[in-house]
Amino acid sequence: MRDWLAKLQIVAAGLALTTLAPIALDVLPPGVTAVAVRGEPRETRRLVLARRPGPMAAATRGVADALIAAARA
């Protein structure tokens, strides 16, 4: 939730606009209004996995595969 609060403070300062999860509606700072947007394409999110160079251990590969599968679901 900390990231949402930071984003909302940037919006409250008049420096940006952002998307937010419904859970954040209860903590909107003064002067910030949520507007429902319907009928638009789904938001796309990028998952980036970083690791050290070299062969990937089996356990690391298992975690990476699980994260990729969850992101695709």
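The model is predicted, and local features need pLDDT of at least 70, side-chain atom pairs count only at pLDDT 80 or more, while totals for chains, interfaces and linings use all residues. Residues are numbered from 1 along each chain as its sequence is written, and side-chain values use heavy atoms, with hydrogens and water left out.

**The nonpolar core**

Let's start inside. Trp4, Leu8, Val11, Ala24 and Val32 make up the largest nonpolar core, which has 5 residues. Such a core is a set of buried Ala, Val, Leu, Ile, Met, Phe, Trp, Tyr and Cys residues joined through side-chain atoms within 4.5 Å. Here buried means under 20% relative accessible area, exposed means over 50%, and partly exposed lies in between (1.4 Å probe, protein chains only). In soluble globular proteins, nonpolar side chains tend to be buried together. Val11 also touches Ala16, Leu17, Thr18 and Val32, once its neighbours within four places in sequence are set aside; contact means heavy atoms within 4.5 Å.

**The salt bridge**

The whole structure holds 1 salt bridge, a term for a side-chain nitrogen of Lys or Arg within 4 Å of a carboxyl oxygen of Asp or Glu. Its partners are Asp65 and Arg61, with 3.1 Å from N to O. Both residues sit in helix H2 (residues 58–72), 4 residues apart, which is about one turn of the helix. Helices (H or I, at least four residues) and strands (E, at least two) are DSSP runs, numbered from the N terminus. Asp65 is partly exposed at 39% relative accessible area, and Arg61 is partly exposed at 38%.

**The largest pocket**

Now for the open space. The lining counts 15 nonpolar, 3 polar and 5 charged residues. In that tally Ala, Val, Leu, Ile, Met, Phe, Trp, Tyr, Cys and Pro are nonpolar, Asp, Glu, Lys and Arg are charged, and the others, Gly among them, are polar.

**Distances across the chain**

Ala69 belongs to helix H2 and is partly exposed at 47% relative accessibility. Val27 is in the loop between helix H1 (2–12) and H2, and is partly exposed at 35%. Arg52 is found in the loop between H1 and H2 and is exposed at 73%. Gly54 is in the loop between H1 and H2, partly exposed at 39%.

| Residue pair | Separation along the chain | C-alpha to C-alpha distance |
|---|---|---|
| Ala69 and Gly14 | 55 residues | 38 Å |
| Val27 and Asp65 | 38 residues | 35 Å |
| Arg52 and Ala13 | 39 residues | 38 Å |
| Gly54 and Val11 | 43 residues | 42 Å |
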